[in-house]
Amino acid sequence: MRILIYSYNYHPEPIGIAPLMTELAEGLAARGHEVRVITGMPNYPERQIYKEYRGKWYLTEKKNGVTIQRSYVWVRPQPGLVTRVMLDGSFVLTSMIQAFRGWRPDVILLTVPPLPVSVPAALLAWFHSCPVVLNLQDILPEAAVHVGLLTNKVAIRVFEALEKFAYRTAHTISVITDGFTENLVGKGVPAEKITCIPNWVDVNFIQPLPKENNPFRIAHQLEGKFVALYSGNIALTQGLETVIDAANRLKHIPEIVFVIVGEEKALKQLQKYCESKETTNVKLLPFQPRKKLPEMLAAADVGLIVQKRNVISFNMPSKTQVILASGRPIVASVPLTGTAARSVEQSGGGVVVAPQQPQLLADAVLELYQNPQKAEQLGQQGRQYAMENYEFEQALSRYEALFAQVVAHPAGNSNVLKALPAFGVKKPVVDA
């Protein structure tokens with residue numbers, strides 16, 4: 001098959017959807033499919049285009065059998081509604097040119113967010129008469145409204161219209177948790193249009209490694225310490241001040257150290273918070289190269305997942321599968337009725353405490369410090385669960401089968417034709 005992946009984020013961006021889409025694209029290419037990716041110039045999470053990609057409008061690369069077609073995006077370090085609209089709008093416009101440069105796809109995999117990308121993907125699908133599989137990584141604008149990222153009423157209505165457009169024009173919607181399915185069905189999306197394929201982890205790349213002689217521990221003076229590690233995005237939904245406050249409650253135990261790995265600008269804000277609280281047992285470190293991810297995860301005694309209490313219930317951090325695969329126990333400070341809590345509990349690989357409760361987080365870390373056998377058992381159970389439920393080759397096979405089914409039964413493209421007139425588009429006559 002010829003598979004086009006429309007994803008704003010891709011390699012070399014280190015976190016979020018980028019590693020997942022990179023693994024999926026390269027995995028499909030390794031199985032003999034032709035794969036091209038439409039993506040932006042890499043800029044996440046720093047919100048500035050990486051140095052080696054600056055000054056370019058378009059760039060086409062070939063990596064591990066995948067054709068990567070990049071286009072310019074207007075991005076600024078300061079987050080906000082206007083900058084987000086400009087970023088999404090620039091990618092919508094510039095990516096369309098790249099999307100039409102190249103072979104006709106048999107199927108398009110569109111990752112959302114961002115929502116506006118559903119428009120050029122639908123146009124491309126309509127032009128080539130091929131189906132769209134919408135890969136839903138988050139439900140917008142609902143999630144953004146819930147945490148206060150989106151408050152403008154006009155913008156909310158626009159994004160709600162885009163959400164309906166994306167669901168209507170997709171042939172099939174792949175979601176990452178059952179909670180997403182429940183939400184979509186509640187909004188009138190037919191259940192038969194939805195399939196659940198959880199995000200995955202490469203259990204051969206991420207695997208339990210010994211803490212002894214660990215390069216990450218050695219480099220950051222962590223030998224002989226009990227390490228509680230958070231690595232990933234640092235934004236409004238996490239509230240990592242809770243981690244620092246929990247660390248403060250355990251600073252009388254010199255062996256326990258909290259390590260936060262993230263984007264440097266966000267770390268500077270956390271450093272100020274540490275100083276204001278006189279916290280001495282927190283290390284703030286920049287992102288590591290992806291090839292060093294297994295050794296960084298292996299340096300931990302405990303992996304942390306942190307969310308604020310107002311995070312929408314079906315949010316599912318992709319780091320869950322990664323920590324489970326690393327064989328380290330999870331302490332999840334997340335909404336107790338949410339998808340993240342349910343996933344950790346089902347895995348048997350960790351413990352869950354209420355969000356934004358530093359004492360509860362500190363108590364959970366302390367319990368695993370005092371009970372190494374329990375920590376070891378949780379880590380082993382989590383690793384086994386990851387291998388049985390989140391293994392990459394399983395997910396790859398499910399996507400491959402889904403694409404084959406969608407291509408064999410492309411009925412539903414009429415949805416695109418019904419939705420497009422609202423945007424004032426007329427289909428030209430082309431030679432198929």
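Select Arg47 to begin: you will find Arg47 in the loop between β2 and β3. Keep in mind throughout that this is a predicted model. Look at the backbone here, where phi of Arg47 is near 60°, a positive value in a residue other than glycine. How exposed is Arg47? Its relative accessible area is 32%, so Arg47 counts as partly exposed.

Now jump to Glu278, in the loop between α9 (264–277) and β11 (282–286). Glu278 also has a positive phi, near 55°, and is not a glycine either. With 59% relative accessibility, Glu278 counts as exposed, because the cut-off for that class is over 50%.

**Two cis peptide bonds**

Select His11 and Pro12 together. The peptide bond that runs from His11 to Pro12 is cis, and its omega is near 15°. Pro12 sits in the loop between β1 and α1.

Then move to Pro113 and Pro114. Here again the bond is cis, with omega near 5°. Where does Pro114 lie? Look in the loop between β5 (107–112) and α3.

**Along two helices**

Show helix α2, residues 81–99, next. This helix has 19 residues and spans 26 Å from its first C-alpha to its last, close to the 27 Å expected at 1.5 Å a residue. Colour its buried residues: Thr83, Leu87, Asp88, Ser90, Phe91, Val92, Thr94, Ser95, Gln98 and Ala99.

Go on to helix α5, residues 153–169. It holds 17 residues and reaches 24 Å between its first and last C-alpha, close to the 24 Å expected at 1.5 Å a residue. Several residues of α5 are buried, among them Ile156, Phe159, Leu162, Phe165 and Tyr167. Glu163 and Thr169 in α5 are buried as well.

**Where two helices cross**

Two packed helices are described by the angle between their axes and the distance between the axes. To see a pair, select helix α13 (residues 358–370) and helix α14 (residues 372–389). Their axes come within 5 Å and cross at roughly 105°. That angle makes α13 roughly perpendicular to α14.

Now show the side chains where they meet. From α13 come Glu367, Leu368, Tyr369 and Gln370, and from α14 come Pro372, Lys374, Ala375 and Leu378. Sorted by class, this contact has five nonpolar, one polar and two charged residues.

Side chains of opposite charge can pair when their charged atoms come close. How many salt bridges does the structure hold? There are eleven.

Centre the view on Asp301, which is buried, with a relative accessible area of 11%. Asp301 lies in the loop between α10 (293–298) and β12 (302–306), and Lys211 lies in the loop between β8 (194–196) and α7 (215–219), so the pair ties together parts that are 90 residues apart in sequence. Lys211 itself is partly exposed, at 29% relative accessibility.

Is Arg217 buried or exposed? At 4% relative accessibility, Arg217 counts as buried. To view its surroundings, leave aside its neighbours within four places in sequence; the residues in contact with Arg217 are then Lys211, Leu222, Glu223, Gly224, Lys225, Val227, Ala299 and Asp301.

**Last stop: Arg31 and Glu400**

Finish by selecting Arg31 and Glu400. They form a salt bridge in which the closest N and O atoms are 2.7 Å apart. The two come from distant parts of the chain, 369 residues apart: Glu400 is in helix α15 (residues 392–408), and Arg31 is in the loop between α1 (17–30) and β2 (34–40). Arg31 counts as partly exposed, at 32% relative accessibility.

Technical notes. Residues numbered from 1 in each chain as written. Predicted model: local features only at pLDDT ≥ 70, side-chain atom pairs only at ≥ 80, totals over all residues. Heavy atoms only, no water. Salt bridge = Lys/Arg side-chain N within 4 Å of Asp/Glu carboxyl O. Helix = DSSP H or I, 4+ residues; strand = E, 2+ residues; numbered from the N terminus. Buried < 20%, exposed > 50% of the residue type's maximum accessible area, 1.4 Å probe, protein only. Axes fitted to C-alpha atoms, helices over the stretch in contact; angles between N-to-C directions. Parallel < 35°, antiparallel > 145°, perpendicular 65-115°, else oblique. Contact = heavy atoms within 4.5 Å. Nonpolar A, V, L, I, M, F, W, Y, C, P; charged D, E, K, R; others polar. Expected span 1.5 Å × (residues − 1).
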